[in-house]
Amino acid sequence: MRRVLAAALVAATAAMTAGCVDTAEPASDGSPVEPTGGQIAWGPCTDIKRADGEPPARQDKNVRCGKLAVPLDYSDPEGEKIELAMIKIPAVDRGNRIGSLLFNFGGPGASGVDTLDQAAKALSSLRARYDLISFDPRGVERSSGVRCGTGADLDEFTALNTLPPGEETRRRINEANRKFADLCGQDSGKILPYVGTVNAARDMDRMRTALGDEKLHYVGMSYGTQLGAVYATLFPGNVGRMVLDAPLDPTVSFEERTLAQTRGFQHVYRNFLKACVKERCEVGASVEAANANVEKLLNDLAARPLKVGTRELTQGLAATGVASALYSELSWPFLETALGQALKGQGGALLYLADTYTGRNEDGTYSTQMTSFPAITCVDTAERPDARTLRRTEEAALRISPLFGSEGSGGICSVWPAAGGDEAKRVDATGSAPIVVIGARTTRRPRTSGRPS
C-alpha cells in the first residue's frame with residue numbers, strides 16, 4: 001500500500017505543479033463564488049489515528065481539523081444536516097498559495113482525515129503552495145460513520161470460516177451476512193440510504209465553496225477515481241486540476257468484479273510464493289510445497305482454530321490476514337514470517353494482519369472500515385444478485401483459486417437494508433477541464449477487496 005501510495009503521489013505532484021500558475025476560471029455561470037456550502041470551524045486535531053489505530057507520537061501543530069454541515073438528503077437541502085470531518089495541512093508559501101487540493105485515497109470506507117496526516121511528508125512538494133485537504137466521506141468514521149453492532153458482533157463476523165466449500169459453509173455465510181446487514185440497519189438505518197458516491201460528490205462541492213475556491217483541485221486514488229469522475233459528471237464547470245490514479249470501472253457487474261478480484265489475489269499470491277522460495281522460505285522449499293502448506297494450514301484452522309491469548313485465529317481471519325499482506329511487496333517478508341509462525345502453531349502475527357485489514361483496535365473496538373465499505377458499495381448499485389448468480393459466481397471463483405474463491409462472493413448487497421441505484425455508474429465529464437488519468441495494465445496486485453462485498 002505504501003509503495004502504491006508513493007507512486008500515486010509522485011504522479012499527482014508532477015501533474016499538480018506543472019506550470020504552477022493559478023489558471024482557475026470564474027464559476028461556471030460567470031458569477032463570483034460565494035461560500036454557500038457553509039462554514040468550516042477549524043481547530044486542533046485531537047483524534048488522529050495511525051494505521052494501527054493508535055494516536056501519532058507527535059502531531060504537527062499546523063495541522064487543523066474541522067467540521068462542515070451538509071444536508072443528509074440533498075432532495076431536502078434545508079432539512080436534517082450531518083457533519084463531515086475534514087483536515088487541512090496549510091500551504092507553506094502563503095504568499096504564492098494556489099488554493100486547496102482535496103484528496104480521496106481510496107476505499108470506499110477509508111478515513112481521509114487519518115490518511116492525509118500519515119501522508120503529509122510524502123506530499124511536502126504539493127504543500128508548498130496548496131492547502132492539503134481531505135475528509136472522512138459521509139458514512140465513514142467521524143462523518144456519521146456506519147456502525148453495525150458491537151465489537152463482539154464484528155469479531156464473530158470477521159472470524160467466519162469460508163472453507164470448506166459446500167452447502168453448509170454457504171448457509172453459514174448467508175446467515176452471517178443477513179445478521180450483519182440487520183445490525184447495520186438497526187444502528188445506522190437513518191444514514192444508509194444517503195452514503196453513496198453521488199452524495200459524497202455533492203459534499204465535495206460544498207467543501208469547495210466553504211473553502212472559498214472557484215475550482216475543485218482534486219487527487220483521487222482507486223475508489224477516489226470514481227468519486228472524482230462522478231464529481232466531474234455532476235459539476236463539470238467546477239473542475240480545476242484533477243488527477244485520477246488507478247481508475248476503477250464502475251460499470252462491471254458483481255460477477256465480473258468478483259472473478260477479476262479472485263484472479264488478482266491468486267496471481268499475486270503465486271508471485272509471493274515464487275519470491276519467497278528464491279531464498280530460504282519459512283513457508284516451504286518450493287512453490288508447490290509452500291502452497292500445500294498454506295492450504296493445509298487453512299483447512300486445519302477451519303477445523304481447529306489457533307489460540308492467540310483470549311482470541312482465536314480462525315480460517316476466515318487467517319485468509320483475511322494473507323490477503324491483506326498481498327497489496328504491497330513491502331508486506332511480503334512479514335507475511336512469510338506470519339505464515340511460518342502459524343505453521344508452528346503461533347497465530348499472533350497472522351491475526352495482527354487480519355486486524356489491520358478489518359480495522360480492529362487492540363481494545364476490541366473497530367473503525368468503520370468494515371462497515372462503511374459495504375454500505376457505500378451497496379448503495380452505489382441497483383444490482384442484487386440472486387441465489388443462482390451467487391452460486392455460479394462462487395463456483396467459478398473456486399476454480400480460479402481454492403484459497404480466495406469464496407472471499408468476497410457472499411453477496412451482502414442481496415440482503416442490504418437500503419436500496420441501491422446506478423447513478424454512480426454513469427460517468428460523463430463533458431465540459432470539464434482536462435483530467436489526468438493514470439492507469440496501467442497489470443496483474444501484480446489486486447485493486448479491490450473486501451470480504452463483505
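Me: What is a disulfide in general?
Reply: A disulfide is a covalent bond between the sulfur atoms of two cysteines. Keep in mind that the model here is predicted.

Me: How many disulfides does a search of the whole structure find?
Reply: The search finds four. With the bonded cysteines counted along the chain, the pattern is 1-2, 3-4, 5-6, 7-8.

Me: Which residue is joined to Cys 45?
Reply: Cys 45 is joined to Cys 65, with an S to S distance of 2.0 Å. Cys 45 sits in the loop between strand 1 (43-44) and strand 2 (64-71), and Cys 65 is in strand 2, so the bond ties together parts 20 residues apart in sequence.

Me: Is the disulfide of Cys 45 and Cys 65 right-handed or left-handed?
Reply: Look at the torsion about the S-S bond. For Cys 45 and Cys 65 the torsion is about 100°, so this disulfide is right-handed.

Me: Is Cys 45 buried or exposed?
Reply: The cut-off for buried is under 20% relative accessible area. Cys 45 has 14% relative accessibility and therefore counts as buried. Cys 65, at 12%, also counts as buried.

Me: What is the S to S distance between Cys 276 and Cys 281?
Reply: The disulfide that joins Cys 276 to Cys 281 has an S to S distance of 1.9 Å. The torsion about its S-S bond is about 90°, so the link is right-handed. Both Cys 276 and Cys 281 are buried.

Me: Where do Cys 378 and Cys 413 lie?
Reply: A disulfide joins Cys 378 to Cys 413, S to S 2.1 Å. The bond links distant parts of the chain, 35 residues apart: Cys 378 is in helix 13 (residues 369-379), while Cys 413 is in the loop between helix 14 (387-400) and strand 10 (435-438). The torsion about the S-S bond of Cys 378 and Cys 413 is -95°, and the link is left-handed. Cys 378 is buried, as is Cys 413.

Me: Strand 10 has come up now. Which residues does Val 437 touch?
Reply: Val 437 is found in strand 10. Leaving out residues up to four places away in sequence, Val 437 touches Leu 244 and Pro 247. The C-alpha atoms of Val 437 and Val 243 are separated by 5.9 Å, although these residues are 194 residues apart along the chain.

Definitions and conventions
Residues are numbered from 1 along each chain as its sequence is written. This is a predicted model: local features need pLDDT of at least 70, side-chain atom pairs count only at pLDDT 80 or more; totals for chains, interfaces and linings use all residues. Side-chain values use heavy atoms; hydrogens and water are left out. A disulfide is a pair of cysteine sulfur atoms within 2.5 Å. Helices (H or I, at least four residues) and strands (E, at least two) are DSSP runs, numbered from the N terminus. Buried means under 20% relative accessible area, exposed over 50%, partly exposed in between (1.4 Å probe, protein chains only). Contact means heavy atoms within 4.5 Å.
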